[in-house]
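This briefing covers pockets and their linings. Please look at the sequence and the model below before reading on.

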Amino acid sequence: MIPDDTVSPLPSQRALGDLVTDVLRDMVTGGRFQPGQHLKETELAEALKVSRGPIRQALARLEEEGHVELRRHRGAFVSTLTKADVEEVHTLRGAIERLAAGRACTRMQGAGFAEMDAVLEQMKSVDTKIDPEDAVRLDLQFHDIIYAYCDHSRVQRVWESIRGQVTVFLRARNASFPDFLEVGYSEHKELRDALALGDPQAAQDGIDKHILGAYERLKRLNLPDR
C-alpha cells in the first residue's frame, strides 16, 4: 500500500491529467517507487484522490517517457534500469546536447553565462557530503541552461522527453560513485569555459568529454543487459 503521507494534495490550476503525470513522474525519478514496483491504479487513485482515468492517462505518458512498463493484463511497473537503457539514452543525449552546445555557445552571451556561474557557485560552495538529489538538481540546472539558449525548440522538446530518465541515471551514478565534491564543480567549470570560447566545435568537444565520464561510471554498475 502507498503510505498516506507519500503524496500532497493536488493544485487545481492545470489539467488534472498533467498534474497527475507530473506528480507520478517526480515520485518515480525521486526514488519514491522502486524499480520493478507494481503501480496499482486503484491505490494511486485513492492516494491522489482522483479517479482512475487521470491515473491511466498518466501511466500511459510515463510509459512513453520510459519511466514505467505497461504489461498486458498485469498493469504498470516501474522500469528497471538496464545497460541497453543507459546506452540508448547516453547516445541520444550526446547527439542532441552536442547540437545544443554548438548553438548555445554563440547565443548565451552575458546573461547565459551569468546563470551558469550562479549554478557553479552553488556547486563550489558544497564543502561537505552532498545528497545525491541535490547533486542531480545542480547538474541538471546547469545543462538546462545550455538547452534554454540553443534556440532550437525541437531539441528542447527531445531533452524534456528524456530528462526524467537522465535524472534516474544521474541519481544511480551519484549514489554508486559519490564523487560530486571532487568532480562536480571542476568538470562543469571546464565545460563552461569551453562554451565561453564561442567556438561550436570546442563546445561540442567539451560536451563529448563531459558526459562520457558519467556514462563510463554507469557502465560499471551491475545492471541487467535488457
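Domain 1 (16–78) and domain 2 (83–220) each give at least three residues to the lining of the largest pocket; the domain bounds come from an automatic or database assignment. A pocket is an open set of points on a 1 Å grid over the protein atoms alone, where a 1.4 Å probe fits, with protein on both sides within 12 Å along at least five of seven lines; lining residues have an atom within 4 Å of a point. The model is predicted, with local features needing pLDDT of at least 70 and side-chain atom pairs pLDDT 80 or more, while totals for chains, interfaces and linings use all residues. Residues are numbered from 1 along each chain as its sequence is written, and side-chain values use heavy atoms, without hydrogens and water.

**Largest pocket**
- Its volume, the space filled by probe spheres set on the points, is about 500 Å³.
- Of the 22 lining residues, Ser79, Thr80, Leu81, Val168 and Phe169 lie nearest the centre.
- Helix 7 (153–176) and helix 4 (83–104) each supply at least two lining residues, and helix 7 has the largest share, six; helices are DSSP runs (H or I, at least four residues).
- The lining has eleven nonpolar, seven polar (Gly included) and four charged (Asp, Glu, Lys, Arg) residues.

**Second largest pocket**
- This pocket has a volume of about 290 Å³.
- It is lined by 15 residues, with Asp26, Thr29, Arg163, Gly164 and Thr167 nearest its centre.
- Helix 1 (16–29), helix 6 (132–148) and helix 7 each give two or more residues to this lining, and helix 7 gives the most, six.
- Eight charged, five polar and two nonpolar residues make up the lining.
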